[in-house]
Each structure stands twice: as C-alpha cells, then as structure tokens.
Amino acid sequence: GEVQAAVVEAIKRGYRHLDCACDYGNEAEVGAGIKEALETGLCTREELWVTSKLWNTYHAKEHVELACRKTLSDLGLDYVDLYLIHFPISLKFVPFEKRYPPEWKHDPEVPELDKMILSDVSVAETWGAMESLQEKGLAKNIGVSNFSCQTLMDMLKWAKVKPAVNQIELHPYNVQHSLVQFCQDHDIVVTGFSPFGASSYSWLDADVQKHILTDSTITAIAARLGKTAAQVCLRWQVQRGLTVVPKSCNGDRQSQNLDVFGFELTADDMAALNGLDKRIRYPAFHRHF
C-alpha cells in the first residue's frame, strides 16, 4: 500500500524517526514497511526510533497496556521507542472488536451516541499505567502530546517518571513561545507536528485556512536562500532547538524536508518568522479544549 511504500522510501532517503499513532489508522501498513526495510537491510531495528500514541478511549489503567500491545502487534515490534498520551482527554472505552481505531465519536451508528462521551479517568491514573509500560520494556520512553503548561505543571508534582517529550502543534502561525520555554526549562523535549500548518486538516476547518507555505515573509526568505518554503519552516524549528515531524508520501519532498541542516536562518529571519504568530491551531477540535 501507499503507506508501506512511503515508509520504505523514507528510510531509504535517510529518515529514522517514524511518528505513528493508533488514531492514524495505518500502523499495520507502517509495520509492513518497517518489516520490509529490516528484511532488505536498509536499517536495523536499533537504528529506528518509532513513536506511537495512546488514544483517548484507552486511558483507564486496565486499557493502557492492551492498547500498547495492539499497537506493537500492528507495527510488528517488541517495543516502541516512545509512547505518548495523544491528548489529555479521556473518552468512554470502545472495544477493539467494536471499532478500531475508535476515533472521537463513541458510536456513529447510533444517533444518540454519535458524539464524544467523556470518561472520568484522571491523567494520573493513565500516567501510572504508562510508567508500567516503561518498567515492562514495552516503551523505552514515555511522554505526552497536546499538553499545556498547566497540565504539565500538575504532572511534575506527582509523576514518578517525568514526560520525556511533549508533542504539540508548531508552525510559524502557532509559535507557542511560553509552552516551548516551559518544556525546555524542565528538560522535556518538544516535538512539533503540522510544521506546514493547515494542509493536513483542510477537511476539518477549510473556512479558516491560512496557507503558510505561500506566506510572503516565508517565501521571500526561501527565495533569498534558494530553499523551499517548507525547508524554511523546518529549519526555523531546528534552530529553536526542537524536533519536528513533517509528513509526505512524495520521495522528492521527503528528501527536501530532510535537507535542512546545510544552511542557517539569520537572527532577522528568525525574528520575522516568530513575528508571524497568529495563535492559529488548525485542527478544529483543538479550539474546543
């Protein structure tokens, strides 16, 4: 399939970090790509860094390990290098056999259940089960995604294991200075998703689309440097000291997105890009929490 081929092509072109999640609905295809890459000698398992994420319906302590093991089975792995709580939002449990991945709405086939149904599970309960995954070797590292400063402040008071990573939406229209600084001050690695902004979410909220890759400030910097707008966006993140996860199934774009270490943005460039901040978060559901 397309995903399997994209994974193999990315590994051929030098990528070693694969960012996965139950909710993406393609972990079995990613696993097939990993298997092909390992069998053909493109890399070893130890050279790969595989991240996955716990979905909202599996936050109860009795479901966390089940969800992780399902991900491992789909990926064909004995462990993930990093396992994240995808959102600090607990939803009512949906069994695997009922629907997988379960997505946001509890049961789209039943009108009165065709909505999100929250579950009274604390972050502390979920995190305790995440710590157990690390103790058992199912996840080498554990972390969070879409967590705010306030949620992290609370976690740091009681967590036995500090989150290794906070994966958040980051691009020039959503700079998140305060959250990034808080994480860096507490030695929590920040990974930025959606580095090019809206394109991944056009089906969710096309009414508010702002096209980052055609922004005149970004395109002017790119033209001066002989780089693409995407490369400028990625280099901006790298120079902030962040990790970043671009997405593409196109081999040439994969190579371009990886080619961001042979040039530097000036201090003026960085200031101009930081100045584009509009605090826009593209997935529509982010604006409701």
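Analyst: Ring pairs join Y58, F93, F96 and Y100 into a cluster; rings of Phe, Tyr and Trp (its six-membered ring) pair if their centres lie within 6.5 Å, with planes under 30 degrees apart counted as stacked, over 60 as edge-to-face and the rest as tilted. By this rule, there are seven aromatic pairs. One of them is W55 with F87, an edge-to-face pair at 6.0 Å centre to centre and 85° between the planes. W55 lies in the loop between β2 (49-54) and α3 (61-75), and F87 in the loop between β3 (82-85) and α4 (123-136), so this pair ties together parts that are 32 residues apart in sequence. Helices (H or I, at least four residues) and strands (E, at least two) are DSSP runs, numbered from the N terminus.

Both W55 and F87 are buried, meaning under 20% relative accessible area, while exposed is over 50% and partly exposed in between (1.4 Å probe, protein chains only).

Y58 is buried at 1% relative accessibility, whereas F93 is partly exposed at 31%.

A charge comes in too: the charged end of K70 sits over the ring of Y100, 4.8 Å from its centre. That label needs NZ of Lys or CZ of Arg within 6 Å of the ring centre and within 35 degrees of the ring normal.

Please keep in mind that this is a predicted model: local features need pLDDT of at least 70, side-chain atom pairs count only at pLDDT 80 or more, and totals for chains, interfaces and linings use all residues. Residues are numbered from 1 along each chain as its sequence is written, and side-chain values use heavy atoms, leaving out hydrogens and water.
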